[in-house]
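Have a look at the sequence and the structure first, and then read the points in order.

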Amino acid sequence: MTSSVLLDTRSVAADLVRNGVALQDFPVDDLVVPVVEGWLQFLKKPFEEKLRWKFLNPNNADDIGGELEGPDDGYICRNRERRHDGTQYDRKEFFHYKRCLPKLLDAVGVDTSAETEWLKDLKRLHDACIQMSLVVTGQLEQYFPGHNLLARAERGVELGLPTLRLLCYKQAEEEGEQIGKLHTDRDWLTHHLADSMPGLMYKTNGKVVEYKKIPNKVLLFPGKKAAKLLGRALPAVPHEVRACPESVGQRRWTVVFFGHNDVHLTPEERISL
């Protein structure tokens, strides 16, 4: 990752404070595209083979006292099952990469020889996102002194919480269909890195906005941990995914990074909008 990636994040921090969202320069073509190519190849594996990459990690410090539904790392498939609180999952396959994943795979003897380069690409993107998230957090600290924002984000990194998520939604059946339910993320700062087609909608300053991607820029917005720490000064941004005309009959992929700090969320806070 070159220094040009993070030339200046002062305007990014200012936009987050003023608008709740911001755009950040990022080498999507160099870092994200190889990860997506590997993800699309991974999805072609037989289902039972993909399930070998599924890990439930009850020792994750972020989940102490919280819900442990599904794996914290690796592969998972959802088909509109319901959580214990009645919330219905989206129909999707997704994959979580955290720094512990290679060791987990090695510990259970998963053959990753065909994915060697992809795992390197995942680590490279994960590391670059951590760097970006910390730099933006450092700039946000100037707006919110006394909250130790950077130190808490660095503690989140030490705990291994930052997560790269690769998604592939099941194909939409009609235009306007909600394929990703309205929600706010559980993290400190979300980085929406890339997607295959339009449809991401977010709400900020009382308005619903359809995200229009710009080459080599990523969308940043706060999650629940920001709201818990800073209240209405930096609220979590509600967002959803709806089927655009070109997505009908097609599967939609998305790449997102969740930047975490050490703020703990109760089970009730985790499922709230």
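**Notes on the model**

1. Helices (H or I, at least four residues) and strands (E, at least two) are DSSP runs, numbered from the N terminus. Asn216 has a positive phi near 55°, in a residue other than glycine. With a relative accessible area of 29%, Asn216 is partly exposed; buried means under 20%, exposed over 50%, and partly exposed in between (1.4 Å probe, protein chains only).

2. Please keep in mind that this is a predicted model, in which local features need pLDDT of at least 70 and side-chain atom pairs count only at pLDDT 80 or more, while totals for chains, interfaces and linings use all residues. Residues are numbered from 1 along each chain as its sequence is written, and side-chain values use heavy atoms, with hydrogens and water left out.

3. Asn205 also deserves a look: its phi is positive, about 50°, although it is not a glycine. Most residues other than glycine have a negative phi. Asn205 is found in the loop between strand E8 (200-204) and strand E9 (207-210). Is Asn205 buried or exposed? Its relative accessibility is 58%, so Asn205 counts as exposed.

4. Next, the aromatic residues. The structure holds ten aromatic pairs; rings of Phe, Tyr and Trp (its six-membered ring) pair if their centres lie within 6.5 Å, and planes under 30 degrees apart count as stacked, over 60 as edge-to-face and the rest as tilted. Phe42 and Trp53 have ring centres 5.1 Å apart and planes at 75°, so this pair is edge-to-face. Since Phe42 lies in helix H2 (residues 28-42) and Trp53 in the loop between helix H3 (47-51) and strand E2 (54-55), the pair ties together parts that are eleven residues apart in sequence. Phe42 is buried, at a relative accessible area of 2%, and Trp53 is buried at 1%.

5. Phe47 and Tyr75 make another edge-to-face pair, 6.3 Å centre to centre with 75° between the planes. Phe47 belongs to helix H3 and Tyr75 to strand E3 (residues 73-79), so parts that are 28 residues apart in sequence are tied together by this pair. Phe47 is partly exposed, with a relative accessible area of 41%, whereas Tyr75 is buried at 0%. Both pairs fall within one aromatic cluster, formed by Trp39, Phe42, Phe47, Trp53, Tyr75, Phe95 and Trp118.

6. How do H1 and H5 meet? The axes of helix H1 (residues 10-19) and helix H5 (residues 116-140) come within 9 Å and cross at roughly 65°, with axes being lines fitted to C-alpha atoms over the stretch in contact and angles running from 0 to 180 degrees between N-to-C directions. That makes H1 roughly perpendicular to H5 (65 to 115 degrees; under 35 is roughly parallel, over 145 roughly antiparallel, and the rest oblique). Arg10, Val12, Ala13, Leu16 and Val17 of H1 make the contact with Val136, Gln139 and Leu140 of H5, where contact means heavy atoms within 4.5 Å.

7. Finally, Leu149 is in helix H6 (residues 149-158) and is buried, with a relative accessible area of 2%. Leaving aside neighbours within four places in sequence, Leu149 is in contact with Thr137, Leu140, Glu141, Phe144, Trp188, Leu229 and Leu230.
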